[in-house]
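I set out to record the pockets, the cavities and the aromatic contacts of this entry. My notes follow in the order in which I looked things up.

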Amino acid sequence: MEYEVDYESNLTTLQNALETKTYQIDRSVCFVVKRPKIREIFAASFGDRIVHHLLVAQIEKHFEKRFIYDSCACRKNKGSHFAVERLKKHIRQSTKNGTLNCYYLQLDIKSFFPTIDKEILFDTIKRNIKQPNILWLAHLIIYNDPTQNYQMKGDKKLFDMVPPNKTLFKAPKSKGLPIGNLTSQFFANIYLNELDQFVKRQLKVKYYLRYVDDFVLLSRNKNELLKWREQIQDFLHQKLKLDLHLNKDRLGSVYQGVDFVGYVVKPGCVLSRKRVVNSLKTKLFYYNQGKIPLHKMQATVNSYYGHFKHANSYRLRKNIYEKHFGKLKEHLSPVGDYQYFTNVKPKSRNICGIVPKPTPLIFSGKKLSKKL
């Protein structure tokens with residue numbers, strides 16, 4: 001709102017700064033979030049966010065055609081729901097519609113964003129883009145150190161809870177991108193496209209899916225998955241200066257379910273993650289204790305139910321409404337098969353305070369008339 005008060009002048013100033021290469025990155029706002037886990041966030045100023053969108057729009061067209069189809073996140077029409085649908089399809093194909101056994105290997109990169117090597121990232125961009133102006137801006141954003149110009153907000157005690165390997169304040173100056181910027185998300189895809197190409201072209205993995213730094217491989221041979229894990233670890237360490245988070249590796253049968261991007265995907269169904277369900281139940285408990293206002297609770301409930309409807313969750317949605325809504329039932333009414341909730345309309349009363357009965361409607365022939 002502050003920027004838009006004089007947006008025309010602000011945009012003109014920003015354009016001139018970019019054209020003359022006098023543009024400087026503004027101060028970020030740094031804070032820590034607790035859910036789903038402790039994370040350090042650097043939020044760029046509004047003007048810088050405009051520049052981020054400008055840069056991504058320019059480099060996206062160069063890299064989009066180089067990305068594999070199953071690279072998800074920060075790509076058009078390839079968010080978490082796309083990832084779930086692709087994983088469902090991979091499981092269905094690899095098990096021959098549930099008639100064969102198949103194993104999954106789920107891997108995660110250790111402290112991904114704080115350990116991205118800036119030189120490797122920028123060299124990757126230089127190999128694919130030759131325009132000097134774009135390279136100048138990309139270099140400025142990649143090598144910017146937000147820890148040198150920031151405003152701290154929120155509970156300062158939370159900063160002490162961030163693990164040393166998860167904070168840019170303790171990362172080498174040659175490493176790390178701030179979580180919270182559009183450019184960081186897109187740069188992550190550029191950086192890990194090298195991994196995607198290795199997995200698909202050299203390892204020849206048929207069923208592979210990646211969402212940022214969380215990726216899944218499927219095979220009917222468990223030993224083959226273990227061999228791929230060793231080769232992927234060697235590639236990441238040597239080529240990208242990254243390492244797998246070995247404590248987070250998951251190996252098992254797809255019939256046990258693959259916990260991926262907020263859902264548990266099985267050959268015959270998709271379930272919502274227990275952590276997500278328990279989070280909503282906790283919020284409903286606090287609402288009924290009078291700790292959350294109604295307007296916020298309605299938005300929260302509809303957000304969760306929007307998540308649930310992408311899973312096989314009718315009984316779950318109904319159960320939460322019947323057993324956990326409590327006082328919230330007086331204010332919110334379910335629509336359809338508990339897909340979302342609207343405000344309960346107060347019943348109208350006449351001057352004597354009596355609720356009038358609804359006038360019955362009689363249908364006869366082609367005419368609809370009121371019985372008076």
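**Pockets**

I looked up the second largest pocket and found a volume of about 430 Å³. I took a pocket as an open set of points on a 1 Å grid over the protein atoms alone, with protein on both sides within 12 Å along at least five of seven lines; a cavity is a set of points where a 1.4 Å probe fits but cannot get out, and lining residues have an atom within 4 Å of a point. Points are joined across faces, edges and corners, and the volume is the space filled by probe spheres set on them.

The model is predicted: local features need pLDDT of at least 70, side-chain atom pairs count only at pLDDT 80 or more, and totals for chains, interfaces and linings use all residues. Residues are numbered from 1 along each chain as its sequence is written, and side-chain values use heavy atoms, with hydrogens and water left out.

I then listed the lining of the second largest pocket: it has 16 residues, and Tyr3, Asp26, Ser45, Phe46 and Gly47 are the closest to the centre. Helix H1 (7-19) and helix H2 (46-63) each give two or more residues to this lining; helices (H or I, at least four residues) and strands (E, at least two) are DSSP runs numbered from the N terminus. H1 provides the largest share, 4 residues. I sorted the lining into 7 nonpolar, 5 polar and 4 charged residues, with Ala, Val, Leu, Ile, Met, Phe, Trp, Tyr, Cys and Pro as nonpolar, Asp, Glu, Lys and Arg as charged, and the others, Gly among them, as polar.

For the largest pocket I noted about 1600 Å³. Its lining comprises 42 residues, with Pro36, Lys37, Arg39, Arg273 and Arg275 nearest the centre. This lining divides into 18 nonpolar, 11 polar and 13 charged residues.

**Cavities**

I counted 4 cavities of 30 Å³ or more. The largest cavity has a volume of about 150 Å³. Among its 18 lining residues, His52, Ile141, Asn144, Pro178 and Asn181 lie nearest the centre. H2, helix H6 (132-142) and H7 each give two or more residues to that lining, and the largest share, 3 residues, comes from H7.

**Aromatic contacts**

I found 21 aromatic pairs, counting rings of Phe, Tyr and Trp (its six-membered ring) with centres within 6.5 Å; planes under 30 degrees apart are stacked, over 60 edge-to-face and the rest tilted. The pair of phenylalanine 42 and phenylalanine 169 is tilted, because the centres are 5.8 Å apart and the planes stand at 40 degrees. Phenylalanine 42 lies in strand S2 (residues 39-43) and phenylalanine 169 in the loop between strand S5 (150-152) and helix H7 (182-202), 127 residues apart. I checked accessibility next (buried under 20% relative accessible area, exposed over 50%, partly exposed in between; 1.4 Å probe, protein chains only). Phenylalanine 42 is buried at 1%, whereas phenylalanine 169 is partly exposed at 34%.

I also noted a cluster linked by ring pairs: Tyr304, Tyr305, Phe308, Tyr314, Tyr321, Phe325, Tyr338 and Phe341. Phenylalanine 341 lies in strand S13 (residues 340-343) and is buried at 1% relative accessibility. Lysine 329 lies over the face of tyrosine 321, 5.2 Å from the ring centre; I required NZ of Lys or CZ of Arg within 6 Å of the ring centre and within 35 degrees of the ring normal.
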